[in-house]
Amino acid sequence: EAGQAAGDAGAGSGSGAEVAAAGPWGEDGGRLAELAAVAGREDLGPEQDAAFIQAAREALRVGQGSQSGSFSGRSVAVARGGVARELRGRPGGAGRAVTFLQGLLPAHPGPETFTLMPLHSDFVRCCLLARLHLEALSLLELEGVILPGRRTAAPTAQDFILYHYYGGVVFLGLRRYADAQRFFAIVLTAPALSESAITEAAWKKYVATALLLHVPAASPSKHCSKAVQRQIKKCKEYEDFRAAFESGNSKQLQDVLAQHRARWVSDGNLGLLKLCVEAQVRFQVRRLARAYVNLRLDVLAQRLGLQGAVLAEHLLVKMVSAGQISARIDQARGVVTFDAEEAAAPDALEALRGGFAHASALNEKVRAFNESLALDKKFVSKHLTLASTEARTGDLFSEVHRKQMEYPERDVGI
């Protein structure tokens with residue numbers, strides 16, 4: 001039926017009547033096969049697209065909705081066809097696509113049962129396009145990503161890395177830079193046999209995110225596949241920007257930003273790199289605050305590459321108001337006095353909270369694994385055998401017994 005429907009779709013005119021009147025529904029996903037055959041077509045008009053969207057809603061709600069929580073390859077193709085038509089349709093299509101996918105994706109009762117489906121990457125992408133970052137946040141904060149069973153369509157490698165790439169962009173929009181860096185690192189460290197535009201885009205944003213956090217940007221490269229490492233070396237403009245940032249020279253960083261402006265615009269990272277320029281100035285202020293107690297505003301402006309003491313004063317006021325530093329300004333003397341105990345930076349506090357949360361989640365996984373080992377027959381049998389041997393020889397930790405005491409081959413999920 002799918003082959004016949006595909007042949008009819010290629011030979012026919014693709015009118016709205018053909019799409020809307022594709023029934024009667026065939027048995028065993030017959031209509032899904034008919035819709036899947038035309039899902040990827042982009043040459044249909046607005047009326048035909050509207051008819052397809054309506055037919056897709058009806059078919060997916062009947063057979064493959066959130067009640068079952070499972071998707072066939074056909075249902076994924078039909079859902080993506082509907083999303084594509086919503087996005088290229090009338091204004092507000094991204095928001096309608098978010099609502100459409102929310103009605104399809106299964107609910108997640110808890111972080112321990114999160115199953116990554118093929119449409120999750122499409123959902124996060126639509127949330128980005130609709131500027132509904134918080135709609136995707138509840139999904140992205142779930143821990144313990146696992147793949148679905150054999151009875152449903154599993155996400156491809158591209159679905160997996162797109163989900164984490166779009167998730168990293170969502171966290172960037174929410175200024176949660178530590179989480180964004182973690183998601184981009186997952187994309188970069190995923191096994192790869194060839195170069196990919198997704199990993200290249202992830203590396204570029206990873207570099208900028210690392211600069212915003214003021215942490216080494218090249219740390220994950222040693223864990224990347226050879227193909228990703230080769231691709232990283234081609235991003236010379238971003239390496240120049242990183243080197244200029246770490247030099248502490250504001251003028252040099254501004255020059256690099258202006259020199260490769262066309263590249264930043266084409267990559268969609270100009271705004272992100274401008275934040276890095278601002279972050280470098282703030283880092284310089286914190287460094288000077290640790291080295292000096294009193295500092296003239298004109299000298300501070302010179303050190304930061306700012307045009308005049310007035311701009312330096314405005315910068316200090318913003319940083320004090322944001323709690324990034326603790327300082328007092330004497331306008332009559334034109335001097336800033338840095339307090340001995342500098343306030344902790346919000347980015348550092350966010351990174352610390354994220355580290356504690358990740359460590360807590362990791363501890364829960366280890367605890368759950370230890371509990372599962374206590375119920376594992378193979379493990380318990382070996383443990384009892386060792387205990388019996390210890391009673392006879394008193395040498396529990398001999399090399400022979402250590403080799404016998406091996407954990408069963410199971411995936412800890414860490």
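Is Gly73 buried or exposed? Gly73 is exposed, with a relative accessible area of 52%; exposed means over 50%, buried under 20% and partly exposed in between, using a 1.4 Å probe and protein chains only. Before going on, a word on the source: this is a predicted model, where local features need pLDDT of at least 70 and side-chain atom pairs count only at pLDDT 80 or more, while totals for chains, interfaces and linings use all residues. Residues are numbered from 1 along each chain as its sequence is written, and side-chain values use heavy atoms, with hydrogens and water left out.

Back to Gly73. It is placed in helix H5, residues 73-87. Helices here are DSSP runs of H or I with at least four residues, strands are runs of E with at least two, and both are numbered from the N terminus. Gly73 and Ala154 are 81 residues apart in sequence, and their C-alpha atoms are 8.7 Å apart in space.

Now the overall picture. The protein has 21 helices and three strands. Of its 414 residues, 43% are buried. Take the contacts, meaning heavy atoms within 4.5 Å, between residues at least 6 apart in sequence: 63% of them join residues at least 24 apart.

Next, the aromatics. A pair of aromatic rings is described by the distance of the centres and the angle of the planes. Rings of Phe, Tyr and Trp, the last by its six-membered ring, pair if their centres lie within 6.5 Å; planes under 30 degrees apart are stacked, over 60 edge-to-face, and the rest tilted. Searching the whole structure gives eight aromatic pairs. In one of them, Phe241 and Trp264 have ring centres 5.9 Å apart and planes at 70°, so this pair is edge-to-face. Phe241 lies in helix H13 (residues 236-247) and Trp264 in helix H15 (residues 261-267), so the pair ties together parts 23 residues apart in sequence. Both Phe241 and Trp264 are buried.

Phe241 itself has a relative accessibility of 1%. Leaving aside residues up to four places away in sequence, Phe241 touches Leu211, Leu253, Val256, Leu257, Trp264, Leu273, Cys276 and Val277. Its C-alpha is separated by 9.1 Å from that of Gln252, 11 residues apart along the chain.

Elsewhere, Tyr163, Phe171 and Phe183 form one aromatic cluster. The charged end of Arg85 sits over the ring of Phe52, 4.0 Å from the ring centre; the criterion is NZ of Lys or CZ of Arg within 6 Å of the centre and within 35 degrees of the ring normal.

On to helix packing. Which residues of H11 meet H13? Trp203, Lys204, Val207 and Leu211 in H11 meet Tyr238, Glu239, Phe241, Arg242 and Phe245 in H13. The residues of this contact divide into six nonpolar, no polar and three charged. Nonpolar covers Ala, Val, Leu, Ile, Met, Phe, Trp, Tyr, Cys and Pro; charged covers Asp, Glu, Lys and Arg; the others, Gly among them, are polar. Helix H11 (residues 197-213) packs against H13 at an angle of about 5°, with the axes 10 Å apart.

Last, two loop residues. Arg131, in the loop between helix H7 (120-129) and helix H8 (133-140), has phi near 60°, a positive value in a residue other than glycine. Arg131 is exposed, with a relative accessible area of 71%. Arg175, in the loop between helix H9 (157-173) and helix H10 (177-189), also has phi near 60°. Arg175 is partly exposed, at 48%.

Definitions and conventions: Axes fitted to C-alpha atoms, helices over the stretch in contact; angles between N-to-C directions.
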